[in-house]
Amino acid sequence: MIITTTESIPGKEIKEVYGLVTASTVRSKNIGKDIGAGLKSLAGGEIKTYNEMMEEARKIAIGRMVEKAEAMGANAVIGMRIGTSAVMAGASEVIAYGTAVLIE
């Protein structure tokens, strides 16, 4: 599966466009790590536990998007984007989306 943020893939011809493919996940850290992150936010600096949480969430969302694209018959996703939003305190949604296509 080729995933690209561009609207085309150099040297490849798009044979079929299957359409929008999306996937998301909502993640939160446990209470112990939330307390540690809260203390870190008082002192300033990078909050590594949330950084790790968001990295994991991006991987999950992209993986789910790929599964949906493959189920449609696609072998590539073009125009891929990732978005995030806060669902509640300490929980974030990550959404991955793009256009599922069949390339030659």
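These are my notebook entries on what I looked up in a predicted model of one protein chain.

**Ground rules**

I number residues from 1 along each chain as its sequence is written, and I work with heavy atoms for side-chain values, leaving out hydrogens and water. Since the model is predicted, local features need pLDDT of at least 70 and side-chain atom pairs count only at pLDDT 80 or more, while totals for chains, interfaces and linings use all residues.

**Entry 1: the elements**

I looked up the secondary structure and found two helices and four strands, where helices (H or I, at least four residues) and strands (E, at least two) are DSSP runs numbered from the N terminus. Read from the N terminus on, the elements run β-β-α-α-β-β.

I then asked in what order the strands lie, and found an open sheet of four strands with the order 1-3-4-2 and mixed pairing; two strands pair if DSSP finds at least two bridges between them. The edge strands are strand 1 (2-3) and strand 2, each of which pairs on one side only. Strand 1 and strand 3 pair in the parallel sense over two bridges, and I noted I2 standing opposite A76 in strand 3. Strand 3 and strand 4 run antiparallel and are joined by 10 bridges, with G83 opposite I95 in strand 4. These two strands form a hairpin with two residues between them, and G90 in the turn has a positive phi of about 85 degrees.

**Entry 2: the interior**

I looked up how much of the chain is covered: of its 104 residues, 29% count as buried, where buried means under 20% relative accessible area, exposed over 50%, and partly exposed in between (1.4 Å probe, protein chains only). A nonpolar core is a set of buried Ala, Val, Leu, Ile, Met, Phe, Trp, Tyr and Cys residues joined through side-chain atoms within 4.5 Å. The largest such core has 14 residues, of which V21, M65, A69, V77, V94 and A100 touch the most other members. Strand 2, helix 2 (48-72), strand 3 and strand 4 (91-103) each supply at least two residues of this core, and the largest share, six residues, comes from helix 2. A second, separate core of five residues includes I9, A76, V101 and I103. In soluble globular proteins, nonpolar side chains tend to be buried together.

**Entry 3: contacts**

Which residues does A69 contact, leaving aside its neighbours within four places in sequence? I found M1, V21, A74, V77 and A100, contact meaning heavy atoms within 4.5 Å. I also looked at S92 in strand 4, which is buried with a relative accessible area of 17%; beyond its neighbours within four places, S92 is in contact with residues including T25, M53 and S85. E16 in strand 2 (residues 14-28) is partly exposed at 40%, and touches A100, V101 and L102, not counting residues up to four places away. E16 and L102 are 86 residues apart in sequence and 5.0 Å apart in space, C-alpha to C-alpha.

**Entry 4: salt bridges**

How many salt bridges does a search of the whole structure find? I counted four, a salt bridge being a side-chain nitrogen of Lys or Arg within 4 Å of a carboxyl oxygen of Asp or Glu. The side chains of R81 and E7 meet in one of them (4.0 Å, N to O); R81 lies in strand 3 and E7 in the loop between strand 1 and strand 2, so the pair ties together parts that are 74 residues apart in sequence. E104 forms another with K15, the closest N and O atoms being 3.1 Å apart, and this pair links the segment after strand 4 with strand 2, 89 residues apart. I noted that E104 counts as exposed at 57% relative accessibility, whereas K15 is partly exposed at 43%. E13, K15 and E104 are linked in a network of salt bridges. E55 and R58, whose closest N and O atoms are 2.9 Å apart in their salt bridge, both lie in helix 2, three residues apart, about one turn of the helix.
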